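Please load the model in a viewer and keep the selection tool at hand.

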Amino acid sequence: MAFEFDADIVFYGGAAGGGKTDLLLGLPLTKQKHSIIFRRQSVQLTGIEERMTSILGTRDGYNSQDGIWRLPQGKVLELGSVKEPGDWIKYQGRAHDFKGFDEITHFTELQFRSLIGWLRTDDPTIRQRVVCAGNPPTEPEGEWVKRFWAPWLEPSHPNPAKPGELRWFVTNEKGEDQEVPGPEPVMVGPDLMTPKSRTFIPSSVNDNLFLLSTGYKATLQSLPEPLRSKMLNGDFNAGSADPAWQVIPTEWVKAAQARWKPRDAKGGMTALGLDPARGGIDKTSAARRHRAWFDELITVPGAVTKDGPTTAGFVTPLVRDGACICVDSIGIGSSALDFIVGLNLLVLAVNRVKAPTKNRHFIVDGDPLLRGR
């Protein structure tokens with residue numbers, strides 16, 4: 001079903017043992033012309049190399065130094081990795097008609113969105129597609145996958161989708177995903193945009209006769225929870241383990257988000273947090289605090305805040321009641337900080353690199369769940 005499906009971006013995954021790697025290799029072998037499959041780390045590509053060797057019966061045509069496999073009928077498959085967050089730049093401008101991601105929850109959202117930006121071909125007979133394979137995230141860093149495929153994976157989504165159902169999305173003027181009714185072009189600001197389709201197709205070891213016959217299901221049944229629910233049942237809502245050095249548990253953050261409600265009477269603004277971005281797909285974000293309550297984040301694409309003056313022009317109209325502007329002063333934030341200081345506004349430079357002073361405590365005001373932690 002995932003092999004034949006007519007969607008621009010397919011996520012095939014959930015439970016272990018559904019043949020995800022074979023799907024990623026089968027499409028470059030039979031349907032595509034110039035393909036690339038990514039893993040987060042290069043050492044993880046070994047399993048893909050071995051499986052392709054098993055399918056072909058030979059390693060002829062494979063250059064392990066370049067990670068390029070020249071396949072029968074003139075097809076080409078590259079194997080790539082993006083270990084560091086910014087390693088996607090290595091593949092900037094590299095055109096492929098197929099981009100595959102093995103274990104998609106290991107990638108950052110920025111890496112994924114950047115890498116699929118060069119999905120293209122000059123051959124009109126070749127279909128362009130993105131296929132992601134993976135299991136439910138085991139760490140909070142992979143939670144973005146649930147947001148990207150929210151209609152299928154988020155139980156609280158207001159308009160849930162069935163497995164294999166097509167949904168269409170565009171990027172709105174804020175740089176955010178916006179679901180639209182269908183594939184027809186829509187106006188987004190001054191631009192006419194063509195929606196891209198997505199779907200999620202669940203995998204299961206029960207669909208794989210080869211692994212069932214070797215007892216792999218019993219192996220999955222013996223895993224500890226919540227890993228068992230993730231790998232055996234493909235449960236995307238089973239608990240994820242936080243990193244050892246994470247200060248505030250993710251579940252506390254989610255609980256605080258769930259309690260948040262909008263207010264008409266906001267009270268005086270006491271502070272405004274500013275995280276500047278410059279260019280790319282990153283966003284400049286402003287967080288407005290009114291006593292113990294935070295208003296909704298205001299974001300703009302990094303291209304809008306390309307330097308100190310434009311960043312100041314974004315944040316200055318948001319300030320009320322003489323509130324202090326707390327600016328991330330590292331890197332590109334330093335230019336914005338200098339310019340805002342020159343406007344004689346109350347500014348505090350925030351430097352996350354410096355070590356805290358002795359006996360400093362982190363307090364989240366106004367929230368009984370987090371206060372004093």
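How much space lies in the second largest pocket? In this predicted model, the volume of that pocket is about 310 Å³.

**First stop: the pocket.** The largest share is that of α1, with three residues. Colouring the lining of the second largest pocket by class will show six charged, five polar and three nonpolar residues.

**Second stop: Arg39.** Move to strand β2 (residues 34-39), where Arg39 is located. Is Arg39 buried or exposed? Its relative accessible area is 11%, below the 20% limit, so Arg39 is buried. Show the side chains of Arg39 and Asp102: a polar contact of 3.3 Å joins them. Then extend the selection to the other residues that Arg39 touches beyond four places in sequence, including Gln44, Leu45, Ile48, Gly80, Ser81 and Val82. Glu103, His106 and Phe107 are also among the residues in contact with Arg39.

Select residues 308-315, which form α10, and highlight its buried residues: Gly308, Thr311, Ala312, Phe314 and Val315. Turn the view to look down the axis of α10; these buried residues fall within an arc of 155 degrees, and therefore line one face of the helix. In an α-helix there are 3.6 residues a turn, so residues three or four places apart point the same way.

Notes: Residues numbered from 1 in each chain as written. Predicted model: local features only at pLDDT ≥ 70, side-chain atom pairs only at ≥ 80, totals over all residues. Heavy atoms only, no water. Buried < 20%, exposed > 50% of the residue type's maximum accessible area, 1.4 Å probe, protein only. Helix = DSSP H or I, 4+ residues; strand = E, 2+ residues; numbered from the N terminus. Arc of directions from axis to C-beta. Polar contact = N/O pair within 3.5 Å; in protein donor to acceptor, adjacent residues only side chain to side chain. Contact = heavy atoms within 4.5 Å. 1 Å grid on protein atoms, 1.4 Å probe; cavity = no way out; pocket = protein on both sides within 12 Å on 5 of 7 lines; lining within 4 Å. Points joined across faces, edges and corners; volume = space filled by probe spheres on them. Nonpolar A, V, L, I, M, F, W, Y, C, P; charged D, E, K, R; others polar.
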